[in-house]
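Please read them alongside the coordinates.

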Amino acid sequence: MDSARGNSSQLGAVESLGPVRSSLRCFAMLACLLISPLWIAGAVYADEEFPPELTQFESDPRNPLFLGAGEGHWDVKIRERGWILREGNQWKMWYTGYDGTRPGQKKLGYATSTDGYVWQRDSRNPIYSEHWVEDVCIIPHEGIYYMFAEGAQDQAHLLTSRDGVSWQRVRRLDVRKVNGEPISDGPYGTPTAWFENGKWYLFYERGDRAVWLATSSDTEVFTNVKDEPVLEPGPEEYDFNQIALNQIFRHKGRYYAVFHGAHKSEDPGTPSIWSTGLAVSDDLIHWKKYAGNPLRPTNENKSSGMLIFDGERFRLYTMHNEVNVHHVRSQATP
């Protein structure tokens, strides 16, 4: 074929498509105008469920912020979930200390801070050692601090205090099935409480196999909302084996649960690797996990997490077996 003739034919073909391309361009623009609001609405909805200020974190270079005190101290090591409260300009932290051995008595420690970074142990520590105390959750209510904690053999119990330092044990938590019968014998730990509209909500795990929810009007007896779990492991690998709930809070009209789960392992003899995740709910019963979980890489093995608002942004604290803090990435502001 003659090259000049071929180029001329191709040019003519392109020119003849001009009106068609214009029509296609107009159609595409119209389609974008019609579809984009739906797409944008979907994106906004997704962001509203799991906004970046709750999901996008980077580690603080000062980590770890708080560790066990080492040999020669009552809190050679710390473990499990501690609890952090920001009250006015003071930060308060309750933590579990022990001698570093698995059967060692778990005792309650207390530390304070003016900024949530530098912590000072209380000179009265341990502030409670009469009973085994770990995996604590503390809810201030009507001038009293309510502590829901694991006791010996993972039996949840309740303690109270007026100043956060002097604690009295009230009772082992009485948890019943929907029909009023006591739940079956065995562990029921990592108790996590929430109070709203005159009702206490208690989330608890059983051997880290799943999380159940029970309610009470007075903390005397908690009755399951249903006898099936409200939060279960999997299907993703980061929490495939085990799960426990750490904290409930509200943000922008929704409930959020910070939880930790154990990573799936091919070797049964390999120690579990834990990570921190986030879930959302509109009713405290039906939960949806964040598709981007875990909030920090699994290989960091950071668990027992809490999200604390510092007055400007959320901080992610992980507390087992050291306290670390993670900040919202600069591009992920509320």
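1. Phe 50 counts as buried because its relative accessibility is 9% (buried is under 20% relative accessible area, exposed over 50% and partly exposed in between, with a 1.4 Å probe and protein chains only). Tyr 256, with a relative accessibility of 0%, is buried as well. The model is predicted: local features need pLDDT of at least 70 and side-chain atom pairs count only at pLDDT 80 or more, whereas totals for chains, interfaces and linings use all residues. Residues are numbered from 1 along each chain as its sequence is written, and side-chain values use heavy atoms, with hydrogens and water left out.

2. How many aromatic pairs does the ring rule give? The count is 19, where rings of Phe, Tyr and Trp (its six-membered ring) pair if their centres lie within 6.5 Å, and planes under 30 degrees apart are stacked, over 60 edge-to-face and the rest tilted. The pair of Phe 50 and Tyr 256 is edge-to-face, because the planes stand at 70°, with the ring centres 6.5 Å apart. This pair links distant parts of the chain, 206 residues apart: Phe 50 lies in the loop between helix H2 (18-49) and strand S1 (57-59), and Tyr 256 in strand S16 (residues 254-262). Helices (H or I, at least four residues) and strands (E, at least two) are DSSP runs numbered from the N terminus.

3. Tyr 146 and Trp 200 form a tilted pair, at 4.9 Å centre to centre and 50° between the planes. Since Tyr 146 belongs to strand S7 (residues 144-150) and Trp 200 to strand S12 (residues 199-205), the pair ties together parts 54 residues apart in sequence. Tyr 146 and Trp 200 are both buried.

4. Ring pairs also join Phe 50, Phe 249, Tyr 256, Tyr 290, Phe 309 and Phe 314 into a cluster.

5. Two arginine–tyrosine arrangements deserve a separate entry. The charged end of Arg 79 sits over the ring of Tyr 98, 5.8 Å from its centre, and that of Arg 250 sits over the ring of Tyr 255 at 4.4 Å from the centre. The criterion is NZ of Lys or CZ of Arg within 6 Å of the ring centre and within 35 degrees of the ring normal.

6. Four strands form an open sheet in the order S6-S7-S8-S9, with antiparallel pairing (strands pair if DSSP finds at least two bridges between them). Strand S6 (134-141) and strand S9 (168-172) are the edges, each pairing on one side only. S7 and strand S8 (residues 156-161) pair in the antiparallel sense over six bridges, and Ala 149 has His 157 in S8 as its bridge partner.

7. Gln 90 lies in strand S3 (residues 90-98) and, at 35% relative accessibility, counts as partly exposed. The C-alpha atoms of Gln 90 and Thr 114 are separated by 5.2 Å, although these residues are 24 apart along the chain.
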